[in-house]
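Here is a briefing on one protein model, grouped by topic. It covers cores, helix packing, loops and selected residues.

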Amino acid sequence: MPNIAHGMDKKSLVVKVYHSQATSSLSEVNSNVVREMIEKGLMEFTGEKTFHEALAKCLPMLQPNDAVGIKVNTTGYCPSRPELVSCVIQGLIETGLKESQIIVFDHLEESMKKLAYWEKVKQDVRYIGTNQLDFDNRAIALIESQRKKVPITKIVSQLCKYIINIPVLRDHIITGLSFSLKNAYGYIPLFGETRMENRSLISAMHKENGAKQIAELNASPMIKEKTKLIIGDCLLCIINKGPIGVPQWAGNRLIIGQDPVAVDHVALKLLNQTREEKGFREVTGKAGHIQRAATLGVGTNDENKIEFKKIALA
């Protein structure tokens, strides 16, 4: 597997997969095409010959009774696509993992229900909103820039051995980019209706574009160690005035990696390129969390230390 440690000689590998027929009409997703995309992308990423072998390599030492969490983003109406999530779940089942040991989660259970995850993801897995559980006061992320000690959801700290992060590509009016690093905000009591919701924390985590805060959260050892795979959903995206809203652009792409900084660096370039084509300004100035996370050793945004591969299937 590629070495993602910041400052090491080996490069962070990021694989981008494209298929022109992955979506249609800014609403429909072709599950068969997405399955092909994730299979080819993960096999390229790991060097394995089958999808389930590739997933198993990303999740070392996984036992049948271990739980794997799939962190989605279901804020608004442009979510991590359930069709993609379903393909990942099927791959996990093919590795030998029980359906009951797979947990799909986000900050609000109601959001997953609203977006029909129950109907579109056919496997009998568990769906949990972090608002349904207490947060773990023994698993703390230090947000030093705001002098905050923030508890992490028990889904991450207690239930799951590993996390697969499936963010969706969206412009963000505060942070510029919402992708893998920003998706970690779903691990803490930040949003409405959580049992430990803290209004002052909501404000604190978004000051000055959230750059230091996002980086510091992702530097938490627990988050770094448990997040073994990022499958970035760029199938249907928001490219302006996000993150709330409906899909605006069919990217028909997946971005796959283990290094969240490298993955977000590639995603930011894609977002900026698309915005420029549509007549919008780039958002690099707002997305300072990527450079800050690199500074904290979360990963690298140095293109000399990123190995980037493209796969065009159609």
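**Briefing: cores, packing and loops**

Lys241 is exposed, with a relative accessible area of 66%; exposed means over 50%, buried under 20%, and partly exposed in between (1.4 Å probe, protein chains only). This is a predicted model, in which local features need pLDDT of at least 70 and side-chain atom pairs count only at pLDDT 80 or more, while totals for chains, interfaces and linings use all residues. Residues are numbered from 1 along each chain as its sequence is written, and side-chain values use heavy atoms, with hydrogens and water left out.

**Loop between S12 and S13**
- Lys241 sits in the loop between S12 and S13. Helices (H or I, at least four residues) and strands (E, at least two) are DSSP runs, numbered from the N terminus.
- Lys241 has a positive phi of about 60 degrees, although it is not a glycine.
- Pro243 lies in the loop between strand S12 (227–238) and strand S13 (249–257).
- The Gly242 to Pro243 peptide bond is cis, with omega near 15 degrees.

**Nonpolar cores**
- The largest nonpolar core has 50 residues. Such a core is a set of buried Ala, Val, Leu, Ile, Met, Phe, Trp, Tyr and Cys residues joined through side-chain atoms within 4.5 Å.
- Leu169, Leu177, Phe179, Tyr187, Leu217 and Ile255 have the most contacts inside this core.
- Helix H10 (residues 260–277) gives the most to this core, with 8 residues.
- Apart from it lies another core, of 45 residues, among them Met37, Cys58, Met112 and Ile231.
- In soluble globular proteins, nonpolar side chains tend to be buried together.
- Phe179 touches several residues, including Leu169, Cys234, Ile255, Val263 and Ala267, not counting residues up to four places away in sequence. Contact means heavy atoms within 4.5 Å.

**Packing of H2 and H3**
- Helix H2 (residues 51–58) packs on helix H3 (residues 82–94) at an angle of about 85 degrees, with the axes 8 Å apart. Axes are lines fitted to C-alpha atoms, for helices over the stretch in contact, and angles run from 0 to 180 degrees between N-to-C directions.
- H2 and H3 are therefore roughly perpendicular, the term for angles of 65 to 115 degrees.
- H2 contributes Phe51, His52 and Leu55 to the contact, and H3 contributes Cys87, Val88, Gly91, Leu92 and Glu94.

**Leu42 in H1**
- Leu42 is found in helix H1 (residues 31–46).
- Leu42 is buried, at 0% relative accessible area.
- Leaving aside neighbours within four places in sequence, Leu42 is in contact with Phe51, Ala54, Leu55, Cys58, Leu229 and Ile256.
- Leu42 and Ser31 are 11 residues apart in sequence and 16 Å apart in space, C-alpha to C-alpha.

**Loop between H2 and S4**
- Met61 lies in the loop between H2 and strand S4 (68–71).
- Met61 has a positive phi of about 65 degrees, although it is not a glycine.
- Met61 counts as exposed, at 65% relative accessibility.
- Asp66 lies in the loop between H2 and S4 and counts as buried, at 19% relative accessibility.
- The Asp66 side chain reaches the backbone nitrogen of Gln63 at 2.7 Å.
- A polar contact of 3.4 Å joins the side chains of Asp66 and Lys161. A polar contact is a pair of N or O atoms within 3.5 Å; within protein, one must be able to donate a hydrogen and the other to accept it, and residues adjacent in sequence count only if both atoms are side-chain atoms.

Terms used
Angles under 35 degrees count as roughly parallel, over 145 as roughly antiparallel, 65 to 115 as roughly perpendicular and the rest as oblique.
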